[in-house]
Number of protein chains: 2
Amino acid sequence: MGYSIGQVAKKTGLTAHTLRYYEKEGLLPFVKKNSSGLRVFSDTDIGWLVMIECLKGTGMPLKGIKQYIDWFIEGDSTLEKRLQMFKDQKHKLQEQMLQLQKHMEKIDYKIHLYEEAVKRGGLDKAETNKALAKEKKRIFGE
Amino acid sequence: MGYSIGQVAKKTGLTAHTLRYYEKEGLLPFVKKNSSGLRVFSDTDIGWLVMIECLKGTGMPLKGIKQYIDWFIEGDSTLEKRLQMFKDQKHKLQEQMLQLQKHMEKIDYKIHLYEEAVKRGGLDKAETNKALAKEKKRIFGE
DNA sequence: ATAACATTTAGAGCTGGCTCTAAATATAAC
DNA sequence: GTTATATTTAGAGCCAGCTCTAAATGTTAT
């Protein structure tokens, strides 16, 4: 029910330094301290950390995450803002996943090219130029 | 067939500053200069930029990208290394996409919670705690 | 030929997100 | 009770990846 900063660090993979940094940046406003001034993380704090990891992992900067937390503290008058934030983040995430899919196709193609190249001892210049021409067309138009 | 740094900047969305920085970091070793010292980007350079964007977009640091370019310059003796690099990057990309999928589930759940909350004018504490307990269990075990 | 704009260089500065230090205090293990 | 380990603070340092500056030179339009 109460965890030391070291325990939380071990379990989350973040360092104690990073946890203190997050607190300083306003991302962990609910972490309590005991009578000697040591941080005691609660289950709720773990929940916030999981959310922080999620938002950070989808590209939201710490400032954006702090905004969400500030809205949470502000209370029910910010429910729509928070909903909108999650909707926006979902949209960004979808675009991100589409982009990664495109990158995956390029990388798959490169793997194909290099597997052929390894077999024959050199890159296929014609194939390489074909791919190049396609990209040039995409960027500079016809 | 030959593009100024400004043209390339406009088309790729990178700034001219960034393009010069990439060159300085060894990412654009094939960009030529004309008789007055101005950069002239070729289709091949555009191709490299597209590859750079792809690798950067999948989380590879510029140093890793430079390593690939150095191997390319080194020639056919590095074909296997380059193949392996792309295979490693594909693997990382797959993990990344899985992770994003998990983040998406969390965000979808939050959207659901906040849509309910907006309807009723406040968050469902019971629901919130349920999700919290699940995360705590996942991180700290039983 | 002149004005407006683009490009060059070396190098300084900036931002985000940590990461580490040092010296003091707290807790745990024996 | 003493050692070993953990935590505290304020503040400095670090790294990646840009981003900008200034002063000189090049290019384009009229």
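## Basis

This is a predicted model, in which local features need pLDDT of at least 70, side-chain atom pairs count only at pLDDT 80 or more, and totals for chains, interfaces and linings use all residues. Residues are numbered from 1 along each chain as its sequence is written, with chains lettered from A and ligands numbered from 1 in the order in which they are written.

## Chain A with chain B

In chain B, 42 residues are in contact with 42 residues of chain A (C-beta atoms, placed from the backbone, within 7 Å). On the chain B side, helices H1 (5-12), H3 (43-57), H5 (79-120) and H6 (125-140) each supply at least two residues; helices are DSSP runs of H or I, at least four residues, numbered from the N terminus. H5(B) has the largest share, 24 residues. This side of chain B has 18 nonpolar, 11 polar and 13 charged residues (nonpolar: Ala, Val, Leu, Ile, Met, Phe, Trp, Tyr, Cys and Pro; charged: Asp, Glu, Lys and Arg; polar: the others, Gly among them).

## H6(A) against H3(B)

The axes of H6(A), residues 125-140, and H3(B) come within 9 Å and cross at roughly 85°, which makes the two helices roughly perpendicular (65 to 115 degrees). Axes are lines fitted to C-alpha atoms over the stretch in contact, and angles run from 0 to 180 degrees between N-to-C directions.

Leu132(A), Glu135(A), Lys136(A) and Ile139(A) meet Asp43(B), Thr44(B), Ile46(B), Gly47(B) and Val50(B).

## DNA strand C

Of the 19 residues around DNA strand C, Ser36(A), Leu62(A), Ser4(B), Gly6(B) and Arg39(B) come nearest (near: C-beta atom, placed from the backbone, within 6 Å). H2(A) gives the most to this surface, three residues.

Methods
Two residues are in contact if their C-beta atoms, placed from the backbone, lie within 7 Å. Angles under 35 degrees count as roughly parallel, over 145 as roughly antiparallel, 65 to 115 as roughly perpendicular and the rest as oblique.
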